[in-house]
Amino acid sequence: VQLQASGGGLVQTGGSLRLSCVASRRPFSRYAMGWFRQVPGKEREFVGSISWSGANTYYANSVKGRATISRDNAKNTVYLQMNSVKPEDAAVYYCAQSQTGGMYVSEYDAWGQGTLVTVSS
């Protein structure tokens, strides 16, 4: 199982970022997808998730109103768009795949390698 995240880099405070994640496990449309993030010394935290169909999305309070998760099942890809980026958004962002969805790390059984987002003030 392979998940490949991309799109990280340096973002200015107040700017936007768009992360992508391509999954190899098929059928992609069978799985819910989630985004998590982690900073050194802290636990991996839930950012948001999207149901297998894309009809339902869920967000952490810290990003609600600023983040949008979408997916393209034809491209086996999930996206995270985040606007009005804050310094506290700096982290390694991980995409993950789940048969059930949810906001806990334990609910996901496949993970990407992570992509680093740095925020400049």
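Is cysteine 21 buried or exposed? In this predicted model, cysteine 21 is buried, with a relative accessible area of 0%, where buried denotes under 20% relative accessible area, exposed over 50%, and partly exposed the range in between, as computed with a 1.4 Å probe on protein chains only. Because the model is predicted, local features need pLDDT of at least 70 and side-chain atom pairs count only at pLDDT 80 or more, whereas totals for chains, interfaces and linings use all residues. Residues are numbered from 1 along each chain as its sequence is written, and side-chain values use heavy atoms, with hydrogens and water left out.

Taking a disulfide to be a pair of cysteine sulfur atoms within 2.5 Å, the count comes to 1 disulfide. This link is formed by cysteine 21 and cysteine 95, whose sulfur atoms are 2.0 Å apart, and with 60 degrees about the S-S bond it is right-handed. Cysteine 21 lies in strand β3 and cysteine 95 in strand β9, so the pair ties together parts that are 74 residues apart in sequence; strands (E, at least two residues) and helices (H or I, at least four) are DSSP runs, numbered from the N terminus. Cysteine 95 is likewise buried, its relative accessible area being 0%.

Strand β3 also belongs to an open sheet of 4 strands, arranged in the order β1-β3-β8-β7 with antiparallel pairing, two strands being paired if DSSP finds at least two bridges between them. The edge strands are β1 (3-6) and β7, each of which pairs on one side only. From one strand to the next, the twist averages 15 degrees, with axes taken as lines fitted to C-alpha atoms (for helices, over the stretch in contact) and angles running from 0 to 180 degrees between N-to-C directions. The antiparallel strands β1 and β3 are joined by 4 bridges, and glutamine 4 has valine 22 of β3 as its bridge partner.

Several backbone features were found in the loops. Most residues other than glycine have a negative phi, and most peptide bonds are trans. A cis peptide bond, with omega of about -5 degrees, joins arginine 26 and proline 27, and proline 27 is placed in the loop between β3 (17-23) and β4 (32-38). Asparagine 76, in the loop between β7 (67-72) and β8 (77-82), has a positive phi near 55 degrees and is buried, at a relative accessible area of 12%. Serine 84, in the loop between β8 and β9 (91-98), has a positive phi near 50 degrees, and at 41% relative accessibility serine 84 counts as partly exposed.
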